[in-house]
Amino acid sequence: MYKSKNKITPTNTYPETEKKQELSNLDYSSLFFLITYLVIDFLPTFGSIDIAGTQYLYLSLLNSVIGIYIYRNPNLVSEKLIGLLKKSYFVKLYAVFLLFCLISVFIARNFSLSIISYSQLLITGITGLNLIILFSNRLYLIYKIAFLIGVFVFIESLLACNELLLSLKSGDALATISKLYGNTGNINIFAASLAIKLPFLFLGILYFSNWKKWFLAVASFLSVCVIIVVYARASYITVLVNCLLFIVFVLFFKNKEFKNSSLIPIIVSLFFGFIIGSWMLNKSNSSQNVLAVETNSSIVLDESANLRIKFWENAGQQIKQNPFIGIGIGNWRIESIPYEKTLLNNTSISQHPHNDFIEVTTETGIINGLVFLSLFLILLLINFLKILKSKDKTEVTVAFIAFLILFDYCIDSFFNFPLYRATMQIMLGFGVALTLINTKDNAIVFATSIKNKIVTFSLIIGTICLYFSFTNYKSLCLENKIKADATLPEEQRVLTSEEILNSMPKFPNVCSTSEPFYLHAGIYCIKEKNYAAAEKYLNISEKINPYIGMAQWYKYRICKEKKQTDSAYIYAKRAFKLRPRNKDYFTSLLIAASDHKDTTEIFRTHRLFSKYLPMSSNWITTSSALAISNFPFEKNIKFIEEGLKLFPNDALLLERKQSFNNDLKTVNGVNSNNSNTPISSKNNHEDLLELAQKEANKSNFMRSAQYYQEYLSYDPNNLNAKLNAGVCLIKASKYLKAIPLLNDVNTSNKVKDGSIEYFLAVCYSNTNQHEKGCNFLNIAKSKKYPVPESAFEASCK
């Protein structure tokens with residue numbers, strides 16, 4: 001038998017003896033590794049566009065290190081623990097869950113996405129196994145664990161509160177709130193990661209009687225402040241449930257270490273956390289005037305609630321089509337796109353349905369969805385029965401904490417997607433570990449041979465997962481480079497198609513936004529005028545993800561460059577059919593239809609796009625296409641009047657109507673005089689508008705902007721010309737030149753559909769003025785302008 005030099009603690013002794021317990025080297029090592037797990041919330045991105053990629057890579061590395069440590073300390077794995085895991089219904093059911101997920105990997109449309117998602121599930125499993133081994137027979141450390149977790153919550157919450165207070169002074173609080181997600185990449189996940197740790201803080205407050213009690217109370221106060229400010233409703237439920245259940249626990253499940261008076265610091269910290277958090281939220285709203293309030297309510301209520309319901313309905317349709325095997329683990333971000341084309345704007349996608357139970361069912365089938373749900377029901381039932389039946393106060397306390405962790409996780413799983421967030425998976429693993437090892441069995445017999453098999457198998461799986469975590473991290477770094485390069489003016493962009501192709505990973509083969517990397521290689525080939533290569537890569541991209549329409553749209557642009565108007569028209573129609581809420585596709589189809597003088601298609605396109613996004617600018621864009629198609633001025637004026645019925649005070653529509661009336665008078669005047677002189681000779685500066693429109697149709701945006709600006713020398717107060725000039729300058733990546741023109745339009749306060757604010761946000765974000773950019777994005781969204789989520793990701797973080 002292997003003999004360790006480390007002192008062995010033979011049982012889960014009572015927590016109250018902790019003060020007298022002499023800790024062994026293995027105890028300190030277990031606490032140290034817990035700290036290394038908790039550090040994940042403070043990692044930098046290391047060049048990744050999504051912190052989750054960096055965190056899973058770190059978690060893979062850490063699991064491997066811990067696996068080696070366990071291998072070198074065989075007395076960590078006992079016969080009791082092996083028997084416990086063998087008998088566990090949870091472990092058996094979890095194996096069934098992983099088996100169904102593995103089957104789904106091989107039926108998925110996108111294998112590379114599935115293998116990445118499956119590897120992340122395995123990483124979570126290994127994390128849970130490591131925590132089980134590290135803290136088996138060490139539940140007497142529960143209060144030290146509680147304090148350590150409290151320290152990390154304190155630091156996270158303090159940093160967030162400090163950032164918000166500074167922003168209140170500078171007047172940029174709204175922008176700060178929108179990017180107040182710590183190191184989790186998502187506001188809701190950040191709030192949930194704080195809320196799920198509150199049971200440990202409350203436990204420490206109940207147990208400690210010295211400065212640690214008040215330190216944890218302050219940590220609770222700060223964390224509640226942050227949760228209130230970020231307006232995460234699922235976390236509101238979590239905090240309330242934790243507080244109520246702790247009151248019940250202390251009052252009805254007596255533990256001699258806990259006194260009823262110990263509840264006072266918990267209640268006070270929550271009360272003042274709510275009061276101060278609400279004050280900070282109201283202060284941030286008032287600092288941004290009424291629009292800030294509208295923005296906050298719009299984002300939270302409309303987006304968070306209504307969209308979730310739509311996502312769930314879409315999931316139901318997919319489940320009906322693939323009830324038994326699903327669409328493939330990790331494939332939601334691609335297979336859900338056809339169901340969202342009338343729901344989301346531009347090229348935005350949901351990525352997750354914001355309900356892990358629904359997502360697992362959709363991706364792996366109804367049976368596995370029930371298995372996944374059963375895993376949590378079993379864990380909750382195990383802990384609930386121990387709370388009711390066990391006479392051992394240690395078991396009751398640990399079971400209660402584990403119950404709260406798992407219950408909190410279930411709440412978040414119902415509203416969000418913690419299944420693919422490493423920080424939440426660590427807490428899930430800890431909840432599982434506390435559940436399975438919470439038994440008072442003093443028998444310890446070391447099982448070296450069995451240990452070797454388990455740990456060796458775990459290390460092999462962990463090494464495989466490490467490879468996939470690394471490739472996923474590299475893909476997110478490449479995506480970050482591509483997105484960063486795209487924000488630069490075209491002449492300053494440094495990436496090439498060759499560099500993208502050389503850096504392109506096999507796993508996964510798409511960006512986090514579902515765009516294939518081959519698509520971006522094709523885009524850069526277009527920039528390099530290598531149209532043959534561009535078409536090749538766009539075709540590959542279309543096979544990987546045929547739903548977003550970007551491959552078809554860029555083929556349209558290639559055909560426009562090559563003067564192949566018939567082919568351009570076909571590709572424009574295909575792109576718009578795939579995403580009828582995409583403004584670029586809408587505008588391009590109008591241009592292509594006007595090239596063919598197809599007014600029927602112009603009207604059809606306008607009606608469909610306006611059905612989903614009724615904006616005054618639609619009538620401006622469509623009327624321009626009709627004018628180019630030689631549509632009669634009288635009918636075009638009636639068309640503008642239809643828009644004015646919906647937007648009676650819109651300055652651009654009124655100006656466009658007046659312009660067409662002037663053109664009609666000119667035409668009638670020419671006809672009455674039987675003059676063969678063209679209109680342009682009678683009103684030369686009006687020709688500039690026509691020239692500007694023609695250059696814009698050819699994608700010669702800089703030239704188009706010059707014509708608009710020349711026209712403004714004749715008519716300096718023409719808002720329509722200023723807006724068009726600004727948009728063309730944006731298209732030409734001349735953001736600084738566009739800002740004064742767009743500011744003039746914005747200060748007129750006559751364009752109220754949010755488009756000006758969005759264009760200004762684009763300009764400020766691309767000139768590294770992200771705070772201003774984020775503020776304008778929020779205002780644009782409050783006015784119901786279709787702001788893509790990618791814009792918030794780029795500016796509000």
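**Figure 1. A salt bridge between lysine 657 and glutamate 641 in the predicted model.** In this predicted model, lysine 657 pairs with glutamate 641 in a salt bridge whose closest N and O atoms are 3.2 Å apart. Lysine 657 belongs to helix H30 (residues 651–672) and glutamate 641 to helix H29 (residues 633–646), so the pair ties together parts that are 16 residues apart in sequence. Both partners are partly exposed, lysine 657 with a relative accessible area of 23% and glutamate 641 with 32%. Elsewhere, salt bridges with shared partners join Asp41, Glu156 and Lys197 into one network, and the count of salt bridges comes to 14.

**Figure 2. A salt bridge between glutamate 542 and lysine 555.** The closest N and O atoms of glutamate 542 and lysine 555 are 3.0 Å apart, and the two residues form a salt bridge. Because glutamate 542 lies in helix H23 (residues 531–544) and lysine 555 in helix H24, the pair ties together parts that are 13 residues apart in sequence. Glutamate 542 is partly exposed, at 22% relative accessible area, whereas lysine 555 counts as buried, at 7% relative accessibility.

Figure 3. Lysine 483 and glutamate 479 form a salt bridge in which the closest N and O atoms are 3.4 Å apart. Both residues lie in helix H20 (residues 448–486), where they are 4 residues apart, about one turn of the helix. Lysine 483 is partly exposed, with 26% relative accessibility, while glutamate 479 is buried, with a relative accessible area of 1%.

Figure 4. Helix H12 (residues 263–287) gives the most to the patch, contributing 8 residues. Phenylalanine 271 lies in this helix, H12, and counts as partly exposed because its relative accessibility is 49%. For the chain as a whole, the accessible surface comes to about 32,900 Å², and 60% of that surface belongs to carbon and sulfur atoms.

**Figure 5. Phenylalanine 200 in the largest nonpolar core.** The largest nonpolar core has 131 residues, and Phe97, Phe135, Ile145, Phe200 and Leu434 are the members that touch the most others in it. When residues up to four places away in sequence are not counted, phenylalanine 200 touches Ile142, Ile145, Ala146, Ile149, Ile401, Ile405, Met427, Phe430 and Leu434. Across the chain, buried residues make up 58% of the 797 residues. Of the contacts with a separation of 6 or more, 73% are between residues 24 or more positions apart.

Figure 6. Phenylalanine 507 and proline 508 are joined by a cis peptide bond, with omega at about -5°. Proline 508 is found in the loop between helix H21 (497–503) and helix H22 (517–527).

Figure 7. Most residues other than glycine have a negative phi, and most peptide bonds are trans. Lysine 563 has a positive phi of about 60° although it is not a glycine, and its place is in the loop between helix H24 (550–561) and helix H25 (565–578). Serine 733, also a residue other than glycine, has a positive phi near 65° and lies in the loop between helix H34 (719–731) and helix H35 (735–748). Lysine 563 is exposed, with a relative accessible area of 63%, whereas serine 733 is buried, with 6% relative accessibility.

**Figure 8. Cysteine 465 and cysteine 763.** Cysteine 465 is buried, with a relative accessible area of 3%, and cysteine 763 also counts as buried, at 0% relative accessibility. A disulfide is a covalent bond between the sulfur atoms of two cysteines. A search of the whole structure finds 0 disulfides.

Methods
Residues are numbered from 1 along each chain as its sequence is written. This is a predicted model: local features need pLDDT of at least 70, side-chain atom pairs count only at pLDDT 80 or more; totals for chains, interfaces and linings use all residues. Side-chain values use heavy atoms; hydrogens and water are left out. Helices (H or I, at least four residues) and strands (E, at least two) are DSSP runs, numbered from the N terminus. Buried means under 20% relative accessible area, exposed over 50%, partly exposed in between (1.4 Å probe, protein chains only). A disulfide is a pair of cysteine sulfur atoms within 2.5 Å. A nonpolar core is a set of buried Ala, Val, Leu, Ile, Met, Phe, Trp, Tyr and Cys residues joined through side-chain atoms within 4.5 Å. Contact means heavy atoms within 4.5 Å. Accessible areas come from the Shrake-Rupley method with a 1.4 Å probe; for residues, only the protein chains shown count as cover. A salt bridge is a side-chain nitrogen of Lys or Arg within 4 Å of a carboxyl oxygen of Asp or Glu.
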